[in-house]
Structures are given as C-alpha cells and as structure tokens.
Amino acid sequence: MGNGKLVQKLFQHNLAAIDDMVKRHCATANGNVKKCDSRIAVVENKLKIDLRVVIAEEANIPETTEALRTSLIDYIQTITGIQVSDVSILVSTEPEKKAEA
C-alpha cells in the first residue's frame, strides 16, 4: 500500500470515529433528540457536520437545535482538537404513537 493510500485510509477511519462521536453526543446530550443521522466532511482543514434529527413533538425547535449545535461543537473540538466550521441541522418531528384500545 502506497503512502498516500495509507494516509487516506487512516483519514477515513478517523472520520468514521468522529461520526460515531457525533451520533453518541446527539443521543445523550439532549433528551428531545430521538434520532440522529450525520455526515462529516473536511473543508479547509475544519470539520463540517450535517445532521438530520428527529426531535420530540413538544420540543422547542430553536432552543433544541441551538443547544445541540453549541454542545456538539464544544464536544468535538475538545475531544479531537479539530476545529468545527459549521453544524447544519435539518429537523423533523416524530408523530405521536397512537395508544391501542
């Protein structure tokens, strides 16, 4: 394996680890986040994180997303030492499950 391919493989492995950290943080940082899918990209040596989240129907969307964005940036930068340039969050709500009679 050439040196360039080895570096690329290590880089992809690290992005996968960061993606796992992002998903774990989403699952535990805010009780209003019910589901989280993420995509990580590197732009100009900084991380760009795109999230698709399902939040509880009763949650305040602006407060929930801002709290998640702020805590995620702090968490990832602290753990990895890599700057996060942007966290974009696409939100949907989960319909309430109907009780069976």
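Biologist: Of the 101 residues of the chain, what percentage count as buried?

Modeller: Buried means under 20% relative accessible area, exposed over 50%, partly exposed in between (1.4 Å probe, protein chains only). Here 29% of the 101 residues count as buried. This is a predicted model: local features need pLDDT of at least 70, side-chain atom pairs count only at pLDDT 80 or more, and totals for chains, interfaces and linings use all residues. Residues are numbered from 1 along each chain as its sequence is written, and side-chain values use heavy atoms, with hydrogens and water left out.

Biologist: Which pattern does the chain follow along the sequence?

Modeller: Helices (H or I, at least four residues) and strands (E, at least two) are DSSP runs, numbered from the N terminus. The pattern in this chain is α-β-β-α-β.

Biologist: Which residues have the most contacts inside the largest nonpolar core?

Modeller: In soluble globular proteins, nonpolar side chains tend to be buried together. A nonpolar core is a set of buried Ala, Val, Leu, Ile, Met, Phe, Trp, Tyr and Cys residues joined through side-chain atoms within 4.5 Å. The largest one here has 21 residues, and Val22, Ile49, Leu51, Val53 and Ile76 have the most contacts inside it. Helices H1 (3–29) and H2 (61–80) and strands E1 (33–43), E2 (46–55) and E3 (84–93) each give two or more residues to this core.

Biologist: What is the phi of Glu44?

Modeller: Most residues other than glycine have a negative phi. Glu44 has a positive phi of about 50°. Glu44 lies in the loop between E1 and E2 and is exposed, at 74% relative accessibility. Asn45 is in the loop between E1 and E2, with a positive phi near 65°. Asn45 is exposed at 71%.
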